[in-house]
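Here are a few exercises to work through with the model open in your viewer. Try each one yourself, then check the solution under it.

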Amino acid sequence: MSALWDILLTASFWAAAIRIASPLIFATMGELICERAGVLNLGIEGIMVIGAFSGWMAVYMGAGLWGGVVTAMLAGMLFGLLHATLTVPFGLSQHVVGLGVTLLATSTSYFAYRLILPEVTSPPRIEPFQPYEIPYLSEIPLLGPALFSQTPLTYAAFACAALVALVLYRTPLGLALRAAGESPAAVAAQGLSVTGLRMGAVIVGSGLMAVGGAFLTLSAFSSFFFEMVNGRGWICIALVVFGAWRPGKAVLGALLFAAFDALQIRLQQTPIGQVVPYQMFLMAPYILSILALIVMSRRAEVPAALMVPYRKGER
Amino acid sequence: MRLEPIANPALTRRLGLPALALGATVLVASLLSALAGADPFAVLGLILKGAAGSKFAALETLNRATPLIFTGLAVAVAFRAKLWNIGAEAQLYAGAIVTVFLATGLLAGTGLWGMALVAALAMLAGALVLLGPVMLKTRFGVDEVVTTLLFNFIMLLIVSWLLEGPMKDPAGMGWPKSEPLERAMRLPRLAEGLRLHWGFALALIAAVLVWFLQARTTLGYEMRAVGHNPRAAAFAGIPVNPVLVRTALLSGGLAALAGYSEVAGLKGHLSLDLSPGFGYTGIIVAMLALLHPLGVVFTAIFVAGIFVGSDSMSRAAGVPTYIADMLLASALLLMVLAIGLTRYRVVWK
Amino acid sequence: MSADYGAQETVLRLTGITRRFGATLANDAIDLTLKRGEVLALLGENGAGKTTLMNILFGQYAADSGTVEVFGKPLPPGNPAAALSAGLGMVHQHFTLADNLTVLDNILLGTVPLWRAGFGRAAARARVLTLSRDFGLAVDPEARVGDLSVGERQRVEILKALYRDVRILILDEPTAVLTPQESDALFATLRSAVAGGLSVIFISHKLHEVMAASSRVLVLRHGRVVGQVATAGTTREALAAMMVGAELRKATVTPGTPGPVLLQLRGVHTSKDAAGKDDRIGGLRGIDLALRGGQITGIAGVSGNGQAALSDLLSGLLAPQAGTLDLGGTAQGQWSPRRALTAGIGRIPEDRHKTGTIAEFTLTENVILERYAEAPFARAGVMDWAAARRVTDDLIRRFDVRCEGPDGVIRLLSGGNMQKLILGRVLDTAPRIILANQPVRGLDIGAISYVHGQLVAARDAGAAVLLISEDLDEIMELSDIIHVMSEGRLSPPFARGSMTAAQIGLWMAGQGFDEGATDAA
């Protein structure tokens, strides 16, 4: 038990938790926007892969770190456009299209990787985002190193969540988006375009997912590996449910989740890790996600028109 | 843009659009080849040659198609009942684990009769793996897409643990792989000297049985009714949740047979690269077949051909082998679009 | 101002509006004008083209030909935003409200440009409160719409239109969901709005409302204008004749001969309807009901008052939480659709598209939906499709279903033919009890009289028929015994013709019958 306290009371543990939460927050916000507007985006896993790859590749080619973030976002938006076009105006199965987009985005990343770097055995490294210590705040004991010595992309993740919450609940655009996910007919009756709102949400949301992927290559690690996203996209879908489709709760969920993840990594190094196989620790995030889904399923407030295509003029 | 429903689409539309989708996929292939600096026609030729250009190539394609027929059937059966089983990968490994566990353990040396029992128990294992997410769906309303996806990752970690721990081959020189099945416990080849094992025949038999089940039995009727309209099915007295559970058992069992046939028919042991995503590819196979069980046989061979052909083309033309995955993902999306457009006409105004 | 509408300016002019859906001509060269400060009633049977016309006006569909002019300016077709900004507002028959949002959010939706930073919610809220006071439309702006009653939701819809300063308000069958008293309150609201210069188009097929609320009537039949008269210069009979054409029906249903009680409910409570859609209202709250063979028992009432729960209860989808369900003298323990079918209950569901049939299935597959596992359709789990097809062929002939044959997909059938097939499926098993929930909604007159005739014939053969309908005329025409349903409770039964419409209206509003019910218990 003391081993547990030793871990929980270190700044490095909490710093790690926040670092692990950052890509999840970006991608969860992206998925949340899509679902609030009524579209399930199962393309998330692949879009995170293409974000991780394209951001890294852009930096490798000399675009600069923020250039990499923008590149990732644009790549994500491109695949978002694909998902949106097929599921919104054409009203095709969001399940099947989403899986198709994931397969396409993943294989596109791998294909492009091999096309650009045909020979390499290990991927080249880039110089990733460095931690930026916020003056004064970073000197607070325990909290300072945990919260205020992160990379700019982590600060951006939290700013992004705040912005999403603000837009959703405090602006006409946010109201229209939420209404599109609750009752597309009500939106159309007010002369607003359900198609436009939903497509916009999916495209912007996909951009955020891709930035979440880019966090992995530009901030967390310094290189691109196959399978590096490793189910994080699916976990984000669980986090949206866990957060009851609310940005604040979803961020809390991501932090809770990341804390468990940081904990299992550290527990592997303790005597417990000598007894329990490391695979059991690695399993924890996935099992946690499933448990979160079960717990929340009873009281979740699903957007009423989630996965219900809207076809104008159908009778 | 507006979609206008077509009440009764003509046969030309119902067949023409899917054909167009496949044509468009070929176009994508040409584009990607050109992008890679290769001659598109040469690349297409090489894929075709690599997939079916020789007896060896064709048999390799059929070998690769075998697990895809099983996972394709698993997905087709589930999707027909609108049960989104994206976890065929996990069910496949469950089948493979049980196969190795029994064939090298309790039932070692029992020969073909033992292997029949192993097949049944492997199916049971796959069925149970899918039962979990389905019970969560029927009891708590948890979306099975995410749970089955997450189970894939959990199952791979279980396999990794087994192969580094309890099931590790002591003679494996440290590689994470299981003890091999003895010769008597392996599926024989279909004919002497033919590099194709009985798993392929089993897959064909499974396809015919699934077709019969769907078209000619009350259970198949129930599955289709639940898939099309669960509300009307419940109203008519069809027990919706039990039907979903039965569908899950069948689907999981079929996917497990893919693992069984790969271990007992092809590889002879369990390793972490037993399946290069056969479970996910099964979704493409099933969708391209429009969820028809007999169609699955053909699309599985087609998809396997693209993989095998791309592998050999990649060596010759230098186009990355991932072109195969890109083509199949494109084919999936184009086919879904084509099916959608058979029922709706696009009106621009 | 009110009487002399002829001199007022024309605010809306439709010219030659034509719209086709596949083979049906929904609107055929319709001309319509609306003057300032008048209430124009658009009268017509279901399927006459009223709703299509309004959807064209609102840009939901584009017309194939014809033009719309608002305040003298042409309106671009197929553009809802243009219609709204021209001052048109519509209250749809099916409300276009988002249940999980608040009343204020629903009203504000679309009123502020999307890219503006904020709303000015406080000012907006004050304005909504003022409007609701001025027009007698009481509703709490912060309430979640899903928690409101149907009448309140309609008020939100009207507030939505008033908030946007509409100058032309269109109401699509606004009273279908209201009690007679609520309807009167709505008409009062409309009168005050019209006095303030608003122009109203009022869509209805109820003659007495048209007579009470409108100043002019335009009658549609089969997509064409068949008459246009000032309300003051016409009669209900004249309008009815125009509306239905020459074949004016006057069904004469002879009374049934009461037989034994086949189904009895005592003090039944249920949670809500099986779909679980409306959890605030909708459950049954202690109802007593006896269905006798040889009788049609009618349930009158505004929908949303427990009819869905009663229907689901008899269908087997919903089990009583308290109270008993007796069939032929034995109380039912376990209860399911399968048990209901075995007990001889034939069910005609409210929604034939979503509950009664499986759209993608063939006629044959739909005909055997409730008995697919029985001989001769299945033996040892294997289907005999030839036997199923023979029975379907037979039903198609006996019930006059117009279709391509038993192998066609059912969604291609018209509503009337689909309902005939469902009716055939139900009557083929000679059920002792028949549940008919809104059996003729959306059907044309020929199909309506066919369905009614079959129900009466089944009654005469000894079946107990439970008819649920929100159309009071239908209930009064067919039923031997009538109950009124309100807020999950049933009024005491009364015989046809023993009560006036006004008394029934009070009961529909939930007033009066409770005391009697308590006394009886």
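Before the first exercise, a definition: axes are lines fitted to C-alpha atoms, for helices over the stretch in contact, and angles run from 0 to 180 degrees between N-to-C directions. Keep in mind that this is a predicted model.

**Exercise 1. Two helices in chain B**

Work out how helix α7 and helix α8 of chain B are oriented to each other, and which residues meet.

Solution. 
- Step 1: find the helices. In chain B, α7 covers residues 198–216 and α8 covers residues 218–228.
- Step 2: get the geometry. The angle at which α7(B) and α8(B) pack is about 75 degrees, and their axes are 5 Å apart.
- Step 3: classify the angle. Anything from 65 to 115 degrees counts as roughly perpendicular, so α7(B) and α8(B) are roughly perpendicular to each other.
- Step 4: list who meets whom. From α7(B) come B:Leu213, B:Gln214, B:Ala215 and B:Arg216, and they meet B:Leu219, B:Gly220, B:Met223 and B:Arg224 of α8(B).
- Step 5: sort by class. This contact has four nonpolar, two polar and two charged residues.

**Exercise 2. The largest nonpolar core**

Which residues touch the most other members of the largest nonpolar core?

Solution. 
- Step 1: the core holds 383 residues, and B:Leu73 and B:Leu257 are the ones that touch the most other members.
- Step 2: ask which element supplies the largest share. That's helix α10 of chain A (residues 194–220), with 15 residues.
- Step 3: zoom in on B:Leu73. Leaving out residues up to four places away in sequence, B:Leu73 touches B:Ala206, B:Ala207, B:Val210, B:Leu254, B:Pro293 and B:Val296.
- Step 4: In soluble globular proteins, nonpolar side chains tend to be buried together.

**Exercise 3. Chain A and chain C as folds**

Describe the make-up of chain A and of chain C, and check each radius of gyration against the globule rule.

Solution. 
- Step 1: count elements. Chain A has 14 helices and zero strands, while chain C has 18 helices and 23 strands.
- Step 2: check chain A. Its radius of gyration is 20 Å, close to the 20 Å that the globule rule gives for 315 residues, so chain A is as compact as a globular protein of that length.
- Step 3: check chain C. A compact globule of 521 residues would come out near 24 Å, and the 25 Å of chain C agrees.
- Step 4: compare boxes. Along the principal axes, the C-alpha atoms of chain A fill roughly 65 × 50 × 40 Å, and the C-alpha trace of chain C spans about 70 × 55 × 50 Å.
- Step 5: look at burial. In chain A, 56% of the 315 residues count as buried; in chain C, buried residues make up 46% of the 521.

Conventions:
Residues numbered from 1 in each chain as written. Chains lettered and ligands numbered in written order. Predicted model: local features only at pLDDT ≥ 70, side-chain atom pairs only at ≥ 80, totals over all residues. Helix = DSSP H or I, 4+ residues; strand = E, 2+ residues; numbered from the N terminus. Parallel < 35°, antiparallel > 145°, perpendicular 65-115°, else oblique. Contact = placed C-beta atoms within 7 Å. Nonpolar A, V, L, I, M, F, W, Y, C, P; charged D, E, K, R; others polar. Core = buried A, V, L, I, M, F, W, Y, C linked by C-beta atoms within 7 Å. Buried ≥ 20, exposed ≤ 12 C-beta atoms within 10 Å, placed from the backbone. Rg over C-alpha atoms; globule rule 2.2 N^0.38 Å.
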